[in-house]
Amino acid sequence: MKRNILLIFLITLIGFIYIGRLFQLQIIIGSKTNPVQSAAVKIEYDYPERGYIYDRKGKLLVANQLSYDVMVTPKDVKPLDTLEFCSLLKITKEEFKEKYKKAEKYARWLPSVFVKQLAKEDFAFLQEKLHKYKGFYIQKRIIRNYPIKSAANVVGYISEVNEQVAKNSDYYEQGELIGWWGVEKEYENVLRGIKGKKHFKRNNLNKITGSYKDGMYDTLAVPGKDLMLTIDTELQQYGEKLMAGKRGGIVAIEPSTGEILALVTAPSYDPNMMVGRERSANSVKLFGDTINNPTYDRGLQGVYSPGSPFKIINGLIGLQEKVIDEKFTVRCYGGYRYGKKPHEFMGCHCGTYGRPIRLKTAIAKSCNSYFATVYRKIIDKADKTEIGFDNWSNHVKSFGLGNYLGYDLPVGQKGYIPDAKFYNDWYKFGWGPTTNISNAIGQGEVLTTPIQLANATAAIANRGFYYTPHIVKKISNNQIQNTKYTIAKKTSIDPEYFTPAVEAMLEVFKTGTGKWSQVKGIEICGKTGTVENYMKVNGEKVQLEDHSILVAFAPKENPKIAMAVFVENGGYGSVIAAPITSLMIEKYLKGDISRKHIEERMINMSLQNIYDKQIQKTDSLETRKKQHLLKP
């Protein structure tokens with residue numbers, strides 16, 4: 001009797017345990033389980049139309065086109081005629097095996113791209129026969145189209161989601177498309193929209209038997225939002241035209257808003273090269289070009305010594321610190337001697353030999369002696385060199401130099417503005433302003449990017465403040481409200497000190513180094529620069545052709561455009577950078593170009609022979625070094 005009672009109790013207990021476990025699995029856990037994780041559920045995606053991208057005037061930059069991908073779910077695949085299938089897809093049997101193995105490795109029960117972006121004629125032919133190949137189906141997708149073959153560095157491109165991104169994401173699956181560069185990447189969440197989903201039940205024979213839970217988990221696709229960029233397409237294309245045959249960058253900013261009007265990098269490429277089945281081959285070609293670097297955005301990533309334009313900032317700091325005023329004079333005797341040794345001499349070609357010059361003339365004529373004197377005075381003002389130098393460094397950084405500006409594009413460089421700690425670590429036996437006197441003229445350890453210089457120029461144009469540069473103007477016709485871009489950032493220089501600096505920059509284009517690039521009816525304020533250029537080859541410092549640079553804004557009052565132009569190995573700033581700058585300003589403010597002969601000369605000017613000679617020079621040095629090492 002007792003045994004029967006115990007047996008009944010055990011059976012009842014086990015029954016309750018099973019029922020409890022089933023309740024847990026089906027009701028509690030089952031209700032929380034994502035249907036995608038169940039082999040009994042098939043999900044079909046409805047991909048939304050990606051947001052369009054326009055320029056500031058409403059001109060279409062990026063549009064959409066339909067693409068057809070062949071998808072595979074490995075667990076659904078049945079034996080098939082591989083040769084016929086490969087012939088339909090225009091792939092080899094080896095490629096078939098490789099792609100199928102990759103799909104199995106990703107997930108047997110999940111769909112992934114087998115062959116991407118079929119041509120329309122191939123899609124139509126394949127669609128008729130695809131029913132013979134179980135586990136394979138066609139997925140329509142939206143890919144990009146670029147009506148204007150320009151601004152590839154700005155708009156960026158979309159690419160396939162790789163295995164790593166897919167595994168770390170609860171939204172993307174392998175083979176889907178994602179913004180991978182430029183605006184496409186930075187504003188991916190805005191542009192992509194939200195894909196729709198439909199869930200279907202399968203039976204034990206893998207056949208669809210109807211909607212899963214009456215469409216409880218189904219969602220509609222939500223289209224992506226359109227973007228209006230701050231870019232002026234006409235100005236952008238004109239800048240690219242002027243930079244043909246050259247390497248460098250042009251950045252143009254609207255001072256009153258921080259909106260980027262043009263962001264030119266040269267050389268560049270047609271953004272349509274990163275679309276379609278040839279994308280992979282083109283990607284290898286573009287990213288593998290280590291000589292021209294067409295995918296390297298020189299406007300954002302190029303790090304260079306700022307050269308003579310940096311003298312303006314040193315002059316402003318001198319005024320703010322009251323170590324000089326507008327009447328302070330310096331006599332230049334062909335350079336500045338800062339020590340007794342022969343090499344402790346900074347040459348100067350301002351042409352004012354022996355005459356006393358003031359700030360206005362010093363900027364207009366680009367006098368090294370004047371600004372070396374000012375630099376020393378700024379640092380020597382404090383009791384300790386370290387305190388004086390950090391004070392100088394902080395003033396410089398207030399112009400947005402030496403750090404990321406915070407613009408809405410995914411690439412960039414900080415540049416470098418040294419502080420006292422840098423020199424304390426470097427020089428263990430003491431240092432002073434003459435140790436780094438090259439900082440006075442924008443050489444030495446000072447490094448900037450073209451967009452940083454354009455932004456600093458905008459701050460000067462505004463007489464002491466700037467707005468963080470940005471590339472997006474509107475999202476779905478709504479003006480951007482992010483305070484990061486709408487609240488002005490002040491420099492450490494008081495507004496009254498900018499007046500003499502601006503007058504001096506105007507003088508550059510009247511009587512100074514930019515006088516041959518004047519534009520009738522436009523008051524251009526600027527500063528040319530010629531930056532020394534060195535490269536280390538096998539540990540040996542080699543001097544190459546100088547870089548050509550110019551910063552400018554116009555007009556003088558109520559400025560509409562601030563710019564930085566940087567041409568690698570372009571020589572004197574007045575020869576290439578100045579005419580390019582003045583042409584860009586005239587194009588933006590007037591629409592037409594009056595100086596056709598200058599325009600034609602700049603468009604047709606190629607520096608390729610200089611770039612080729614530099615390669616030959618560095619190759620020759622490397623060869624000589626190897627020959628030397630091989631000597632017995």
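Two strands count as paired if DSSP finds at least two bridges between them, and strands (E, at least two residues) and helices (H or I, at least four) are DSSP runs numbered from the N terminus. This is a predicted model, in which local features need pLDDT of at least 70, side-chain atom pairs count only at pLDDT 80 or more, and totals for chains, interfaces and linings use all residues. Residues are numbered from 1 along each chain as its sequence is written, and side-chain values use heavy atoms, with hydrogens and water left out.

Q: What makes strand β1 and strand β8 a pair?
A: Strand β1 (residues 41-46) and strand β8 (residues 196-202) run antiparallel and are joined by 6 bridges, where at least two are required; Glu44, for instance, has Lys198 of β8 as its bridge partner.

Q: How do you know that β8 also pairs with β9?
A: Antiparallel β8 and β9 (residues 208-211) are joined by 3 bridges, with Lys201 opposite Gly210 and Phe200 opposite Ser211.

Q: Why do β1 and β9 count as edges of the sheet?
A: The open sheet has the order β1-β8-β9, and β1 and β9 each have a single partner strand, so one side of each lacks a neighbour in the sheet.

Q: Why is α20 called oblique to α21?
A: Helix α20 (residues 577-590) and helix α21 (residues 596-604) pack at about 120°, an angle between N-to-C directions of axes fitted to C-alpha atoms over the stretch in contact, on a scale from 0 to 180 degrees. Under 35 degrees is roughly parallel, over 145 roughly antiparallel, 65 to 115 roughly perpendicular and the rest oblique, so α20 is oblique to α21.
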